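These notebook entries record what I looked up in one protein model, residue by residue.

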Amino acid sequence: MSAFLTDATKNALLDSAVAGSLSAGTPFLSLHTAPGIAGAEVTGGSPAYARKAITWNAASTGLKQIAAAQTFDVPAGTTVRAVSLFDASTAGTRRAWLPAGSSARLAFSVDAADVTADTLTSAAHGLVNGNSAVVWPTIGAVLPTGLAEDTEYFVVGATTDTLQLSATFGGAAINLTAIGDGDIQKFVPEVFAAQGTYQVTAFDVSLPG
């Protein structure tokens with residue numbers, strides 16, 4: 001039997017792990033052109049893109065948040081798909097990441113009937129065809145075979161309570177070959193046809209359980 005962490009414990013862990021592990025240097029936010037822990041970082045531009053130093057608020061109710069919004073210079077021809085936390089102004093170690101312009105995670109399930117139909121079931125999910133999304137396995141479960149973390153998918157075949165995912169915008173639904181459970185999270189990539197700025201207003205780190 002596993003115990004659940006109290007908010008007081010979560011707060012202490014977050015203040016120690018997120019802030020404490022970066023005690024040798026200032027934490028920085030960065031922008032990336034692909035989701036996931038290996039997504040390529042934005043480069044170039046005039047003014048040039050650069051990571052932004054941040055400070056943290058104290059953790060509260062199991063959540064740690066940045067103290068202020070950060071504005072980045074972004075070069076033309078760039079699509080921002082993710083925001084990451086690094087422990088250095090260049091290179092360094094990536095500590096966390098989130099999809100750009102992301103919404104709350106929504107639980108989904110895939111049973112035998114869903115495998116046959118290549119659908120995800122998520123009651124009143126609110127997603128529409130063309131939305132970008134990533135998927136996450138829930139604790140103690142695995143994603144349905146055919147889907148992977150750190151990947152941008154596009155919603156197709158959406159109904160009120162079900163949806164399909166495609167590897168390309170408006171493309172064919174991904175073939176699901178085994179049941180599973182997870183969370184789906186909509187995000188909004190931002191395309192820069194010309195040099196511009198991108199503002200990160202929130203970056204939250206939380207602990208489950």
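**Entry 1: Backbone geometry**

I began with proline 47, which sits in the loop between β1 (28-32) and β2 (52-53). I note at the outset that the model is a predicted one. The peptide bond that joins serine 46 to proline 47 is cis, with omega at about 5°. For context, most peptide bonds are trans, and most residues other than glycine have a negative phi.

I then looked up positive phi values in residues other than glycine. Threonine 61 has a phi near 50°. I located threonine 61 in the loop between β2 and β3 (63-65). Buried or exposed: which applies to threonine 61? Threonine 61 counts as exposed because its relative accessibility is 58%, and the cut-off for exposed is over 50%.

Aspartate 118 also has a positive phi, near 60°. I found aspartate 118 in the loop between α2 (112-117) and β9 (120-121). The relative accessible area of aspartate 118 is 16%, so I recorded this residue as buried; the limit for that class is under 20%.

**Entry 2: Arginine 51**

I returned to the loop between β1 and β2, where arginine 51 also lies. Is arginine 51 buried or exposed? Its relative accessible area is 12%, so arginine 51 is buried.

I next asked which backbone oxygens the side chain of arginine 51 reaches. A polar atom of that side chain lies 2.8 Å from the backbone oxygen of alanine 88. The side chain of arginine 51 also reaches the backbone oxygen of alanine 91, at 2.8 Å.

I listed the contacts of arginine 51, leaving out residues up to four places away in sequence. Among them are Phe28, Leu29 and Ser30, together with Glu41.

**Entry 3: Serine 89**

I placed serine 89 in the loop between β6 (82-86) and β7 (94-99). Its relative accessibility is 42%, so serine 89 counts as partly exposed. Apart from residues up to four places away in sequence, serine 89 touches Phe28 and Arg51.

I also checked serine 89 against proline 27. These two residues are 62 residues apart in sequence, while their C-alpha atoms are 7.9 Å apart in space.

**Entry 4: Isoleucine 37**

Isoleucine 37 is another residue that I found in the loop between β1 and β2. I recorded isoleucine 37 as exposed because its relative accessible area is 61%. Which residues does isoleucine 37 contact, its neighbours within four places in sequence aside? They are Arg94, Trp97 and Asp150.

**Entry 5: Glutamine 199**

I moved on to strand β15 (residues 196-200), which holds glutamine 199. With a relative accessible area of 47%, glutamine 199 is partly exposed. Residues up to four places away in sequence aside, glutamine 199 touches Ala69, Gln70 and Thr71. With threonine 71 I found a polar contact between the two side chains, at 3.3 Å.

I also looked up glutamine 199 and glycine 146, which are 53 residues apart along the chain. Their C-alpha atoms are separated by 34 Å.

**Entry 6: The whole chain**

I counted two helices and 16 strands in the protein. Its C-alpha trace spans about 50 × 50 × 25 Å along the principal axes.

How does the radius of gyration of the protein, 18 Å, stand against that of a compact globule? A compact globule of 209 residues would have a radius of gyration near 17 Å, so the value for this protein agrees.

Of the 209 residues, 39% count as buried. The accessible surface comes to about 10,100 Å², and carbon and sulfur atoms account for 56% of it. Among contacts between residues at least 6 apart in sequence, 71% join residues at least 24 apart.

Lastly, I looked up the charges. The protein has 9 positive and 16 negative charges, and the mean positions of the two sets are 10 Å apart.

How values were computed
Residues are numbered from 1 along each chain as its sequence is written. This is a predicted model: local features need pLDDT of at least 70, side-chain atom pairs count only at pLDDT 80 or more; totals for chains, interfaces and linings use all residues. Side-chain values use heavy atoms; hydrogens and water are left out. Helices (H or I, at least four residues) and strands (E, at least two) are DSSP runs, numbered from the N terminus. The radius of gyration is taken over C-alpha atoms; the globule rule is 2.2 Å times the number of residues to the power 0.38. Buried means under 20% relative accessible area, exposed over 50%, partly exposed in between (1.4 Å probe, protein chains only). Contact means heavy atoms within 4.5 Å. Accessible areas come from the Shrake-Rupley method with a 1.4 Å probe; for residues, only the protein chains shown count as cover. Lys and Arg count as positive and Asp and Glu as negative; His and the chain ends are not counted. The place of a charge is taken as NZ of Lys, CZ of Arg, CG of Asp or CD of Glu. A polar contact is a pair of N or O atoms within 3.5 Å; within protein, one must be able to donate a hydrogen and the other to accept it, and residues adjacent in sequence count only if both atoms are side-chain atoms.
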